[in-house]
Amino acid sequence: MNDDFHKILFNYLTKAGLSTTAASYLNLAILLIVALVLAWFLDLLIWKVLRSVSLRLARKSKTNFDNFLVANRVPRYLAHIVPLSILIEFVPFAFIGFDYAAEIVLKFLHVLFVVLALYVVKSVFTSINDYLKTKPRFRDKPMGSYIQVFMIFAWIVGIFTIFAIITEIQVWKFFTALGAGSAVILLIFKDSILGLVASIQVSINDMVRIGDWISFDKFGADGDVIEISLATVKVQNFDKTITTIPTYALISDSFKNWRGMQDSGGRRIKRALIISQKSIRFLSETDMEEFEKIQLIAPYLKTRNEQINSYNTSNNINKDLAINGRNLTNIGVFRKYVNDYLETHSAINKGMTLMVRQLPPTPQGIPLEIYAFSSDKRWENYEYVMADIFDHLLAALPYFHLQVYEIPVSISAVEN
């Protein structure tokens, strides 16, 4: 840009009786004010034009990506580029005779331009992230981690560029020094690097998605994953508290992901009744007549009793003692009752594993474990179904002359 206007204004001021020094400073001030007012006016004009155009495109377009661009102020940042470029071009013209000041102002404007470019890039990436979250394919993917990685590289390049502008050293020399200081850089960005590796492995191996229910005992987390970023994973616990877990902990430590249960046909019920061993015995004829009144197992008892009597008779078994030959026990009949009860229960998924098994005896008694799957996987309903089943079974035990083990009052009093 030529300096004709600068000379005209400067000459006018000197002819008006000002000294050369005063005319130079006043000339500089006037030109700066004109440049700033012009830049502000252009910035406002371009912003209004871009906003109007972007709003029209947002209304007409089928995609909502442009809505996110507007929401993240991308047009606003773009509007700053032209006025800032004009100011950079205007500096040598306005600062004639002030070379040192012109150099400082130019460096400041170039740094400002780099920062503006970084904000534009950040806003564009944020818009992409927000847009992908609306797509079912990417809603549960840790896209925020990849955006953060891109922004880290962008900021590194931006910072090196700013250093190069301030020190007037070529950018490639900074990257050469980067190799020498790589150990320090690795130490500073250790968590980010580990988080990047973890995010990639988590995504590739499909270990965790946003919305998954995970349990992580080490960090006290038990709830839904609401955010996966480069460095942390946020879990909203069922008590509505938020637990923050380092991303790399997902691949270095053990945790439980309940997605398999949620995607399956049921939620597992695995709980045992501890039967007192003293209440277990063989069944007598009187017991059989009593138990046959229980409709659910009456057909089974009739058939099974005939088979046992036929076996004992054909083998000349002395039944003066109940231990001789084949016999039914009250716990065995109860186990059959529980199995039939579960098979007829409307809330149990019959297509998944269903069994009632006897676990090894313990000092407290015989654990009789129910292993089945509730059709309803929702937590509240699942707990209701499980409680309903065990309410019934606990009430049914006395009909089979069985007792649940309880710590004797004398022992519990001593322990307390």
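**Surface, overall fold and a helix pair**

In the predicted model, the accessible surface of the protein chain comes to about 24900 Å², and 61% of this surface belongs to carbon and sulfur atoms. Of the 416 residues in the protein chain, 34% are buried. The protein chain contains 17 helices and 8 strands. When contacts between residues at least 6 apart in sequence are considered, 65% of them join residues that are at least 24 apart.

Two packed helices are described by the angle between their axes and the distance between the axes. For helix α15 (residues 330–343) and helix α16 (residues 379–396), the axes come within 12 Å and cross at roughly 150°. Because angles over 145 degrees count as roughly antiparallel, α15 is described as roughly antiparallel to α16. On the side of α15, the contact is made by Phe334, Tyr337, Val338, Tyr341 and Leu342, while α16 contributes Asp388, Ile389, His392, Leu393 and Ala396.

Elsewhere in the protein chain, Asn67 is found in helix α3, which spans residues 65–71. The relative accessibility of Asn67 is 36%, and Asn67 therefore counts as partly exposed, since buried means under 20% and exposed means over 50%. Asn67 and Leu57 are separated by 10 residues in sequence, and the distance between them in space, from C-alpha to C-alpha, is 9.0 Å.

Note on methods: Residues are numbered from 1 along each chain as its sequence is written. This is a predicted model: local features need pLDDT of at least 70, side-chain atom pairs count only at pLDDT 80 or more; totals for chains, interfaces and linings use all residues. Side-chain values use heavy atoms; hydrogens and water are left out. Axes are lines fitted to C-alpha atoms, for helices over the stretch in contact, and angles run from 0 to 180 degrees between N-to-C directions. Helices (H or I, at least four residues) and strands (E, at least two) are DSSP runs, numbered from the N terminus. Angles under 35 degrees count as roughly parallel, over 145 as roughly antiparallel, 65 to 115 as roughly perpendicular and the rest as oblique. Contact means heavy atoms within 4.5 Å. Buried means under 20% relative accessible area, exposed over 50%, partly exposed in between (1.4 Å probe, protein chains only). Accessible areas come from the Shrake-Rupley method with a 1.4 Å probe; for residues, only the protein chains shown count as cover.
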